[in-house]
Amino acid sequence: MTGAEPAHPVLRLSDITKRFGALTANDRVSFDLARGEVIALLGENGAGKTTLMNILFGQYTADAGTVEVFGRILPPGAPRAALDAGVGMVHQHFTLAGNLTVWENIVLGAQSLTALSLKPREVKARIRDLSQRFHMKVDPDARVGRLTVGERQRVEILKALYRDAKILILDEPTAVLTPQETDALFATLREAIAQGLSIVFISHKLHEVMAISSRVIVLRHGRLVAERRTEQTSREELAALMVGAEVTAPEIRPSTPGAPLLSLAAVTTAGIGSAPGLDAVTIDLRAGQITGLAGVSGNGQAALSNLISGLTLPLSGEMRIAGQPVGDWTPRMAIGRGVGRIPEDRHRTGTIADFTLTENAILETYASQFARHGWMDWQAARAHAEEMIATYDIRCPGPDVRIRLLSGGNMQKLILGRVLETGPQIVLANQPVRGLDIGAVNYVHGRLAEARDKGAAVLLISEDLDEILRLSDVIHVISEGRLSPAFPRGTMRPEDLGQWMAGHGFEEPAHAS
Amino acid sequence: MDLFDILISASFWAAAIRIASPLIFATMGELVCERAGVLNLGIEGIMVAGAFAGWIAVWAGLPLWGGVAVAFAVGMALGGVHGILSVPFGLSQHVVGIGMTLLATSLTFYTYRVVLPEVSSPPKIEAFQAFEIPFLSKIPVLGPALFAQTPLTYAAFVLVIVTSLVLYRTPLGLAVRAAGENPSAVAAQGLSVTAIRIGAVMVGSGFMAVGGAFLTMSAFDSFFFDMVNGRGWICIALVVFGAWKPGKALLGAILFAAFDAFQIRLQQTPIGAVVPYQVFLMMPYLLSILALVVMSRRAEVPAALMVPFNKGER
Amino acid sequence: MRLEPIANPTLPRRTLPPALALIATFAVAALLVMIAGGNPADVFGLIFKGAFGSKFALLETLNRATPLIFTGLAIAVAFRAKLWNIGAEAQLYAGAVVTVVLGTGALPLPAPILLPLIAVAAMAAGALVLFIPALMKTRFGVDEVVTTLLFNFIFLLFVSYLLEGPLKDPMGMGWPKSARLVPEARLPRIIEGLRLHWGFGLALISAAVIWVIDAKTTLGFEMRAVGQNAEAARFAGIPVTKVILKTAVLSGGLAALAGFSEVAGLKGSLTLDLSPGYGYTGIVVAMLALLHPAGVVVAALFVAAIFVGADSMSRAAGVPSYIADIMLATALLLMVLAILLTKFRVRRD
């Protein structure tokens, strides 16, 4: 152990090892957490951070090693025991039931299942008390389904505090927040520290790690590779430790934009579930330009993505492709007019898990290129798939492998290949690198930039401001379905974009009454 | 008889409530399963099994309530099988449900033949008798309709109240509702989604079986092979119609039963002489389909209905 | 517990669970036979003999398998596209009704023209019966399981009305029964003198056609894509609604051929007990066949053998023939579990 070892750890992980089949997700990981300390657990996607925390929280059983909380070893595989010992976890994907109210969500599981009453009055009073103590505003009677992402996260944190958690584990808590919301979260966390809690903060964002933590633990390929006191390290060092080898991101050169290839003029669409639709959006996607769309998720990105993908039509306003108005509009027509689409969710929308790589490769073009009079040409399809495996560096056993067995990065390469293979005029890239490791991220970004250089109009939708700022030639922010003006590269700081993301700066809608 | 006279007659409403009773039991059962996230298509077969089990238990010498308990237990057991296959293994709830209906039905018929070989007509039992609640049953129209029913009918109404209270006012009910909406919320609290779902399916199946037993122990006094006759499927439609809420589902069941009682009476009017009787018999099924179509867009379906939960996966 | 996908299942992993499922099915049946006071070995022996023990028994099994191949195919096709058609019973009767309407002398045509005409019309009727719930599914999002189930009851009542009204045989002495088909509308026997009609041949041909559609055509590809992941299919430009409706037409048409074949090949007229639940048994057949058309033929023969065998066993051994239904339901449930276990490993964490 390093010299920084605390005297009385509230939490101690010893030699945690976890294997999934051939993959070793955690390899003899050990660390201590002291009272009032914030440890940042840093690592790439797939480094084993979430697995480690799931073991700590009892969701998984470790193959070896122990978890000690306040000196007592937790029984493995028992989330209940972790909760009772004072460990609270705020998951990356909120574990809230949308049809229940805030107080119902908070009290779920906190009472004995044989109790005859939920005691709503007591519960709500306690929630109000907690929300005052930690400066988190929530309405206990609101339905969770109607809350914003930031509010939902507060509910998650309150859930832990309601159970008297002494140790908070936050898994990528800022991934979906605006910079301002992130600041508010950090204020809450500092308050929690002041009141005696200890925190494990999982992230891959270096500036946040530097801002909030007192100690940083770096995981790589399931192993603890470094431990640093925050004040004694730097972003550069951490980046190198996280990735291991020197990885250079592709250089994005400035572009020379051409004519608008896809234009929306005052387009309004229906909302999707609880997320808003587009509200009189006007935008030009120009040839040879990457247009970045920043914004907190659930602000109309899905509506825009569905519109361009061919899944929906505008309620009002006009969409033009290469100057031609779009009338009838389906996914197949979108593909036919040169729109390549990388969907947000590669598992649910982008691929069919139990189809082979070949079948997934031709999913969009089987009718036009791999069939005649309704008869499939499987030989040609297979040859095409083999070509794509080679061209796009898809690591796999062969074209007959079921796609479910591929890693996220290789799955995304297949989708990317499917899109770029057709030489699209317009590329919609919705969260193209979410959940990918750095190598795959750079690959995808490089290919998108390449498509731009060949003259395609690229629309990049992302919740990650760093990604937007790095790649985009021009940036728009979307909030509540409204679109900000276009900001050229280099004119905006993250904080400025954050203001727009939080909904400031938009003109009041003209039709407001 | 005039059509309007039918609608205000006590005997008509008494019949409606009687027809509604088995539907109420089974609908509550299905509702509990679905609120926890499991579509239980075993309902039809479980009702058949319950109808037989309760009846044969009483025929073998158990008291009537003992028969109800036996039916409930048989329903629980069948629900347990359904639960194990559909919850931890996450098998298609459609296929498991149809399989359970086939299994429960054939097991019932087999047992019937084994227990009662060589009988041409099934024996009768001393079924539940109407119990007039003092004073209340003397209220005009409403009294005889509501308060001169068999104890099992009263139990059906009590069940609706209990189901409603448990679902909305207790920690257990909260956990069930959360399991049907976002099971990871339940798992994150250290509760077992598997246990909650299997438990809900078992209890719900118990209610379904009692619904079946109502037919042999209260509505009639004997067991026939095609006795349940699609009532289970109708209850699934009633759950949708009731928007997964006990009160609304109860209302749906009574409305539906009133319509059924009405068409039976309609057959005896001059209209019945012109229109083939099959048209009347079709009505309940057509009505169910109509209810599904009308309600399909409005109701708030439990978000995790028919979605298996696999720990550690999203 | 947790299910973990297996990347490359070994041969035992792929074959052992299904084998165990079959063994367990027989074990359950043996237990029930013993409860009924029978000797399992004798009973299974009698079932086997009843199904395959003589030329007559074998032909009976093939005849019984014929409608099950049709309904099994109908359900396999639908289930592959995740169209939960539980209404094959109604579609079967739709085909039977059309066969009777057109085959009792309404059309004075020679057999080579009349028979295909009736078959196509029957298929159209069955297709229509499934088209309605499929439309309700695509239009209103109404779960087709319940609607197709309810349609079974409705359609059977409709047939009952027809047999007591418009289609009633004037010579039927009051029984609810249709008139007999004219000779030109009867399916001939495959071999003269053997009681096996061309319905069986048609069933085999249908299975082959479905196999080809599945493996070689865009429609087959589309149906599988929609079944596996409708959202991804829609995104990729596959017209999901159209594919579901096409699937409904194909599935309903196949189920209707069961009714056509039973009336034109075997019975010669329509009664209310034409099908002892072939529509529902088709589900078992399709699932045992893993939804594969060739498998459907094998599974249908297996299921038919158990039914035919159990009938004759029941007469001889006094064990209720419902044992057959129990075996099939058990096999269905255990087989879907077994298939899961060929692809996933159960882990304790």
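Predicted model: local features only at pLDDT ≥ 70, side-chain atom pairs only at ≥ 80, totals over all residues.
**B against A.** I got 21 residues from chain B and 25 residues from chain A. On the chain B side I looked for elements giving at least two residues, and found α8 (171-181) and α9 (183-188). α8(B) has the largest share of that side, with 7 residues. I then sorted the chain B side by class: 9 nonpolar, 6 polar and 6 charged.

**C against B.** Next I checked the contact between chain C and chain B, where 39 residues of chain C meet 39 residues of chain B. Which of them gives the most? It's α6(C), with 11 residues.

**Inside chain A.** Last, I looked at the domains. Chain A is divided into domain 1 (9-243), domain 2 (251-338 + 425-505) and domain 3 (351-422). I noted that domain 2 is written as two segments, with the range of domain 3 falling between them in numbering. How far apart are the C-alpha centres of domain 1 and domain 2 of chain A? I have 33 Å for that. The two domains do touch: 12 residues of domain 1 of chain A are in contact with 14 residues of domain 2 of chain A. On the domain 1 side I counted 5 nonpolar, 5 polar and 2 charged residues.

Technical notes
Residues numbered from 1 in each chain as written. Chains lettered and ligands numbered in written order. Contact = placed C-beta atoms within 7 Å. Helix = DSSP H or I, 4+ residues; strand = E, 2+ residues; numbered from the N terminus. Domains from an automatic or database assignment. Nonpolar A, V, L, I, M, F, W, Y, C, P; charged D, E, K, R; others polar.
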